Amino acid sequence: MRSRPSLGTLVAIAGLIATSACASADAIPRGAAVAIRGSVFTDHRMDAPCEVQAANLIRPDALSGMVLTFTTEAGQSLGTAVTGPLQWTDLDYGCRFHAEYALDVPTAAGYVVDFEPTVKPPPAGGYYSGADDLVPTYISHADLIAAAGVWSFEAMPSYVVP
């Protein structure tokens with residue numbers, strides 16, 4: 001004669017199934033928010049310390065206040081973020097200038113990120129132009145989850161000197 005599983009056994013099995021589903025990196029419910037954070041950065045390979053480079057009038061100010069717009073591949077708006085103040089970190093080979101951002105977006109198969117620098121070049125003199133060279137970038141949901149929601153973008157250390 002076959003016995004029926006007890007209520008306790010059924011509850012335990014249901015708990016294991018739920019735990020396994022939640023453990024999956026892609027098990028984010030539809031409509032749930034995905035937290036994304038990171039920075040827009042540029043590396044300057046110079047011998048001068050960051051403080052000296054930051055005092056230069058052609059520092060990469062355009063990384064700060066930049067608007068990042070996240071959309072689906074079909075163009076549906078998911079959210080925007082604005083980068084914070086310009087910061088720097090000393091590196092073995094120079095200095096990394098960066099401005100951080102953070103936002104929550106709805107779950108999507110992928111995210112297209114577009115960049116809009118808000119700092120305009122001065123009317124005369126040299127200026128950092130790498131922020132203007134950023135192009136829309138695609139991030140898959142799986143890649144974003146694998147990176148634990150941290151995604152940074154590199155702007156080239158380009159300059160215009162009249």
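## Thr71 and its surroundings

Leaving aside neighbours within four places in sequence, Thr71 is in contact with Gln76, Ser77, Leu78, Gly110, Tyr111 and Val112, where contact means heavy atoms within 4.5 Å. The place of Thr71 is in strand β2; helices (H or I, at least four residues) and strands (E, at least two) are DSSP runs, numbered from the N terminus. Thr71 counts as buried because its relative accessibility is 17%, given that buried means under 20% relative accessible area, exposed over 50% and partly exposed in between, with a 1.4 Å probe and protein chains only.

## Basis of the model

This is a predicted model, in which local features need pLDDT of at least 70 and side-chain atom pairs count only at pLDDT 80 or more, while totals for chains, interfaces and linings use all residues. Residues are numbered from 1 along each chain as its sequence is written, and side-chain values use heavy atoms, with hydrogens and water left out.

The pLDDT, which is the predictor's confidence in each residue on a scale from 0 to 100, averages 84 over the chain, and 81% of the residues score at least 70. Over residues 1-29 the pLDDT is below 50, and this stretch has 11 contacts in the model beyond near neighbours in sequence.

## The chain as a whole

The secondary structure of the chain comes to 3 helices and 10 strands, and from the N terminus on the elements run α-β-α-β-β-β-β-β-β-β-α-β-β. Of the 162 residues in the chain, 34% are buried. Among the contacts with a separation of 6 or more, 72% are accounted for by residues 24 or more positions apart.

## The open sheet

Strands of a sheet pair through backbone hydrogen bonds, either parallel or antiparallel. Here 4 strands form an open sheet in the order β3-β2-β6-β8, and the pairing is antiparallel; two strands are taken to pair if DSSP finds at least two bridges between them. The edge strands are β3 (77-82) and β8 (137-140), each of which pairs on one side only. From one strand to the next the twist averages 25 degrees, with axes being lines fitted to C-alpha atoms, for helices over the stretch in contact, and angles running from 0 to 180 degrees between N-to-C directions.

Strand β2 (residues 67-71) is joined to β3 by 5 bridges, the two running antiparallel, and 5 bridges likewise join β2 to β6 in an antiparallel arrangement. The pairing of β6 with β8 is antiparallel over 4 bridges, and within it Val112 stands opposite Tyr138 in β8.

## The largest nonpolar core

In soluble globular proteins, nonpolar side chains tend to be buried together. A nonpolar core is a set of buried Ala, Val, Leu, Ile, Met, Phe, Trp, Tyr and Cys residues joined through side-chain atoms within 4.5 Å. The largest such core has 30 residues, of which Leu63, Leu68 and Phe70 touch the most other members. The elements that give two or more residues to this core are β1 (33-44), α2 (50-55), β2, β3, β5 (94-106) and β6 (110-116), and the largest share, 6 residues, comes from β5.

Not counting residues up to four places away in sequence, Leu63 touches a list of residues that includes Val40, Phe41, Leu86, Phe97, Tyr128 and Ala155.

## Aromatic pairs

The structure holds 5 aromatic pairs; rings of Phe, Tyr and Trp (its six-membered ring) pair if their centres lie within 6.5 Å, and planes under 30 degrees apart count as stacked, over 60 as edge-to-face and the rest as tilted. Phe115 and Phe153 form an edge-to-face pair, 4.9 Å centre to centre with 75 degrees between the planes. This pair links distant parts of the chain, with Phe115 in strand β6 and Phe153 in strand β9 (residues 153-154), 38 residues apart. Phe115 counts as buried at 9% relative accessibility, and Phe153 is buried with a relative accessible area of 5%.

Tyr128 and Tyr159 also form an edge-to-face pair, at 5.5 Å centre to centre and 70 degrees between the planes. Tyr128 lies in strand β7 (residues 127-128) and Tyr159 in strand β10 (residues 159-160), 31 residues apart, which again links distant parts of the chain. Tyr128 counts as buried at 6% relative accessibility, whereas Tyr159 counts as partly exposed at 30%. Ring pairs also link Phe70, Tyr101, Phe115 and Phe153 into a cluster.
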